[in-house]
Amino acid sequence: VQLQASGGGLVQAGGSLRLSCAASGRAFDAMGWFRQAPGKEREFVVAMTWSGERTSYVDSVQGRFTISRDNAKDTVYLQMNSLKPEDTAVYYCAADPVIYRMRLGVPARWGRGTLVTVSS
C-alpha cells in the first residue's frame, strides 16, 4: 500500500484543518496518523480500522480531533478542531494490518508528512 497525505497548512489557534490520506494498492485494515513536533519524537495521534469498529486516540487530541474514512475512496480523514499551537507538527499517515501496532508506533507503512502550523 502507498499512502498520500495532504491538507496541512497554517491556521490560527482555535481554527480547524482537515487532513486526508489516500491509500493505493493493497489496503491494510488499520490506518491513522502520527505527528512529529520540532525537536520531539514522533508520536501516535489516532488510528482506526476500516470497519470503523475500533478507534484509538491519544489523550491530548481526544474531543478535538476526529478520524473518519471513505471506503469507496480508500481515504482516511483527520478533522482537527480547536487547534492549539502545541499541535504544530509534521503529520504522517500510516497503515498496518493490525491496529495495536499503530498504537505501538510501529506501523508497516508510512506516508510522507504534511506540515500543520498553528499560530498563537
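The model is predicted, so local features need pLDDT of at least 70, side-chain atom pairs count only at pLDDT 80 or more, and totals for chains, interfaces and linings use all residues. Residues are numbered from 1 along each chain as its sequence is written, and side-chain values use heavy atoms, with hydrogens and water left out.

Strands here are DSSP runs of E with at least two residues, numbered from the N terminus. Two strands pair if DSSP finds at least two bridges between them. Strands of a sheet pair through backbone hydrogen bonds, either parallel or antiparallel.

Six strands make an open sheet in the order β2-β10-β9-β4-β5-β6. Its pairing is mixed. β2 (9-12) and β6 (55-57) are the edge strands, and each pairs on one side only. From one strand to the next, the twist averages 25°. Axes for such angles are lines fitted to C-alpha atoms, and the angles run from 0 to 180 degrees between N-to-C directions.

Inside this sheet, β4 (residues 30-36) pairs with β5 (residues 43-49). The two are antiparallel, over six bridges. R35 stands opposite E43 of β5.

**The aromatic cluster**

Rings of Phe, Tyr and Trp (its six-membered ring) pair if their centres lie within 6.5 Å; planes under 30 degrees apart count as stacked, over 60 as edge-to-face and the rest as tilted. The whole structure holds three aromatic pairs. One of them is F34 with F44: the ring centres are 5.6 Å apart and the planes stand at 80°, so this pair is edge-to-face. F34 belongs to strand β4 and F44 to strand β5, so the contact ties together parts that are ten residues apart in sequence.

Ring pairs also build a cluster from F34, F44, Y92 and W110. A charge sits over a ring if NZ of Lys or CZ of Arg is within 6 Å of the ring centre and within 35 degrees of the ring normal. R42 lies over the face of Y92, at 3.9 Å from the ring centre. R42 also lies over the face of W110, at 4.3 Å from the ring centre.

**The four-stranded sheet**

A second open sheet has four strands in the order β1-β3-β8-β7, with antiparallel pairing. The twist averages 20° from one strand to the next. β1 and strand β3 (residues 17-24) run antiparallel and are joined by five bridges. Q2 has S24 in β3 as its bridge partner.

**The disulfide**

A disulfide is a pair of cysteine sulfur atoms within 2.5 Å. By this rule there is one disulfide. C21 and C93 form it, with sulfur atoms 1.8 Å apart. The link is left-handed, with -80° about the S-S bond. C21 sits in strand β3 and C93 in strand β9 (residues 89-96), distant parts of the chain 72 residues apart.

Buried means under 20% relative accessible area, exposed over 50%, and partly exposed in between (1.4 Å probe, protein chains only).

| Residue | Relative accessibility | Class |
|---|---|---|
| F34 | 2% | buried |
| F44 | 9% | buried |
| C21 | 0% | buried |
| C93 | 0% | buried |
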